[in-house]
Amino acid sequence: MYAASPLRSITGTRINPEARYWYDRRGLCTAVDSPVRTGAHPDLVAWIGNVAGFDSRLRMTQPAIEEWPMSRLIPRVHVYKSFPHFELMPGTYSIDYVSLTKARDRLPGQEWVEDIRGMFPEGSTLLLNFIGNNAQTHYIWSLGPEFWAAPFLRNFDGIVSPEFSTFIDDPKPQFLIGERQKQIFCQEGAEAGFTTIPSIAWSSESSLRRQLDLVMSLYPRVNTVWLDCLGAGVDPTAWTWSRIEMLEKHIPPDFPMRWLVAGAVSGWAIVELHRIFPQGNFHSVNIRPFAATMGKAGTRGERVARFQTHCRRIEGWLRREDLPPAQPRPESLPGMRTIL
């Protein structure tokens, strides 16, 4: 499959259990008479080494940070035809692609989608994210240049690269391809005239280190990176601690990159992020859409006030105001892959 298919045709879907059995057993996988070696690739080790290497074609460029300001808190929002229900303050907003269309096999086509910018206050910065629907991500990947020609993309100041391999237990070739897909996505977006933002999610410490090495080598041409600290079906405290510990280990505290941290907005987590990024060069993406933060109980005014209070609290933490006490590290953290 991997030898015969161009990278664009490998869409990041989970490979079958039999393939994973072979990939997880490297010795069997690379033996001369291995069915995987003889049937899927004549030299699997060399192929994996090539995919694991950095893509020298990555020539994306972002505006200088001073020309591309962002608010410290970046609410994640769903937009719709009648959005918004109350006056928003100017700031940076991360908009879910899945709220623009539920379709898995076509791009957003509604007329209102082409004027999303008009829904937000003047001076706002709009980012597009792809959280929440893997099938849509695979479809977008299959389109190539057709996706970048879509008119609605012109509403956005930055487009965050999707995660093409989103499971911590993905086999090694799977997540290596996912990392390369993100590089190609950013490259193609830059070539089409858009500002793209590399995202980093990681399945192991070496996966994080490999991706950080790439984006930090591009500074200052690339100055803004999305750190995906989300975890589904996990203990949120232990998971966030595992993310924080690895970020602290592999990001120098004086490195001036701007980090957009998604999924670590608890007060105690922001305390730790201040310690990791003493220059304050991190921004918090409030990963709960504001509709969820507002809730359904109470009057419209009460729901709006709930959302605004929530945002002010996080903004205060980001300014080091009213920070809660540090939270002890759990005795055990989620295990990570160690086969790399």
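Predicted model: local features only at pLDDT ≥ 70, side-chain atom pairs only at ≥ 80, totals over all residues.

User: Is strand 3 largely enclosed or open?
Analyst: Five of its five residues are buried, so strand 3 is largely enclosed by the rest of the structure. Both of its faces are covered: Thr-125, Leu-127 and Asn-129 are buried on one side, and Leu-126 and Leu-128 on the other.

User: Switching to Ser-99. Where does it lie?
Analyst: Ser-99 is in the loop between strand 2 (92-96) and strand 3 (125-129).

User: Buried or exposed?
Analyst: Buried. Its relative accessible area is 10%, and the cut-off for buried is under 20%, so Ser-99 falls on the buried side.

User: What does its side chain reach?
Analyst: The backbone oxygen of Asp-96, at 2.7 Å. Setting aside neighbours within four places in sequence, Ser-99 is in contact with Val-77, His-78, Val-79 and Trp-112.

User: What about the nonpolar core? Which residues touch the most other members?
Analyst: The largest core has 67 residues, and the ones touching the most other members are Leu-100, Phe-120, Phe-147, Phe-152 and Trp-259. Helix 12 (residues 300-318) gives the largest share of this core, six residues. Another core of eleven residues lies apart from it, with Ile-74, Val-160, Ile-197 and Trp-226 among them.

User: Pick Phe-152. What is it in contact with?
Analyst: Leaving out neighbours within four places in sequence, Phe-152 is in contact with Tyr-97, Leu-100, Pro-108, Val-113, Glu-114, Leu-128 and Phe-147.

User: New topic: salt bridges. How many are there?
Analyst: The count comes to ten. One of them pairs Asp-157 with Arg-117, with the closest N and O atoms 2.8 Å apart. That pair links distant parts of the chain, 40 residues apart: Asp-157 is in the loop between helix 6 (145-148) and strand 4 (158-160), and Arg-117 is in the loop between strand 2 and strand 3.

User: How accessible are Asp-157 and Arg-117?
Analyst: Asp-157 is partly exposed at 26% relative accessible area, and Arg-117 counts as partly exposed at 31%.

User: And Glu-179, what does it form a salt bridge with?
Analyst: Arg-210, with the closest N and O atoms 2.8 Å apart. Glu-179 lies in helix 7 (residues 172-191) and Arg-210 in helix 8, so the pair ties together parts 31 residues apart in sequence.

User: Are those two buried or exposed?
Analyst: Glu-179 counts as buried at 8% relative accessibility. Arg-210 is buried too, with a relative accessible area of 16%.

User: Which other residues of helix 8 are buried?
Analyst: Besides Arg-210, the buried residues of helix 8 are Ser-206, Ser-207, Leu-208, Gln-211, Leu-212, Leu-214, Val-215 and Met-216.

Methods. Residues numbered from 1 in each chain as written. Heavy atoms only, no water. Helix = DSSP H or I, 4+ residues; strand = E, 2+ residues; numbered from the N terminus. Buried < 20%, exposed > 50% of the residue type's maximum accessible area, 1.4 Å probe, protein only. Polar contact = N/O pair within 3.5 Å; in protein donor to acceptor, adjacent residues only side chain to side chain. Contact = heavy atoms within 4.5 Å. Core = buried A, V, L, I, M, F, W, Y, C linked by side-chain atoms within 4.5 Å. Salt bridge = Lys/Arg side-chain N within 4 Å of Asp/Glu carboxyl O.
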